[in-house]
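The following report concerns a single protein chain. Please view the sequence and the model before reading on.

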Amino acid sequence: MAIISSVLFWFDGVLALPLWHLTRAALEAHGWQADAYACLSLITLRRKLRAGAVSWEEYCREAVNLAAVPLSSKELADSVESRIAAVPGMADVVDELGTRCAVYLLFDYPTH
């Protein structure tokens, strides 16, 4: 029987909703109506951010341009950041696992 000694949690999409999803919600709050293609574009943009191909400011600017909503990139950044929260129940899972093994959190959301 194998013993698990460590668990790595990826923040984006595991402990919290994916960043592209939070971006979509923030843009929709300002009137954007996303279709499947637009969501795929946000996911692709998020991948560029994760890979370091664009900065957080560029990500927000490109997302606002994609949605064509009356919102500045700073306002989008603030709106997205205000939506970051742990998925209900995940904190309990992390706490419980932390009593049994080493727990590592990969926080891959942008920070200022």
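Is Glu28 buried, partly exposed or exposed? Glu28 counts as partly exposed, at 32% relative accessibility; buried means under 20% relative accessible area, exposed over 50%, and partly exposed in between, with a 1.4 Å probe and protein chains only.

This is a predicted model, in which local features need pLDDT of at least 70 and side-chain atom pairs count only at pLDDT 80 or more, while totals for chains, interfaces and linings use all residues. Residues are numbered from 1 along each chain as its sequence is written, and side-chain values use heavy atoms, with hydrogens and water left out.

**Overall architecture**

The protein chain contains six helices and two strands, in the order β-α-α-α-α-α-α-β from the N terminus. These elements are DSSP runs numbered from the N terminus: helices are H or I with at least four residues, strands E with at least two. Along the principal axes, the C-alpha atoms fill a box of roughly 55 × 30 × 25 Å. Of the 112 residues, 34% count as buried. Among contacts (heavy atoms within 4.5 Å) between residues at least 6 apart in sequence, 71% join residues at least 24 apart.

**Salt bridges**

A salt bridge is a side-chain nitrogen of Lys or Arg within 4 Å of a carboxyl oxygen of Asp or Glu. By this rule the protein chain has three salt bridges.

| Pair | Closest N and O atoms |
|---|---|
| Glu28 and Arg24 | 3.0 Å |
| Asp78 and Lys74 | 2.8 Å |

Glu28 and Arg24 both lie in helix α2 (residues 19–28), four residues apart, about one turn of the helix. Arg24 is partly exposed at 26% relative accessibility. Asp78 and Lys74 are likewise four residues apart, both in helix α5; Asp78 is partly exposed at 36%, whereas Lys74 is exposed at 53%. In the remaining pair, Glu96 is partly exposed at 40% and Arg100 is exposed at 62%.

**Surface and backbone**

Leu8, Trp10, Val14, Tyr104 and Leu106 make a nonpolar surface patch of about 470 Å². Such a patch joins nonpolar side chains (Val, Leu, Ile, Met, Phe, Trp, Tyr) within 5 Å, from residues with over 30% relative accessible area and no salt bridge. Strands β1 (6–10) and β2 (102–106) each give two or more residues to the nonpolar patch. Val14 belongs to helix α1 (residues 11–15) and is partly exposed, with a relative accessible area of 36%.

Ala68, in the loop between α4 (56–67) and α5 (73–82), has a positive phi near 50° although it is not glycine. Ala68 is exposed, with a relative accessible area of 66%.

Note on methods:
Patch = residues over 30% accessible without salt bridge, like charges linked within 9 Å, V, L, I, M, F, W, Y side chains within 5 Å. Areas by Shrake-Rupley, 256 points an atom, 1.4 Å probe, with all protein chains shown as cover.
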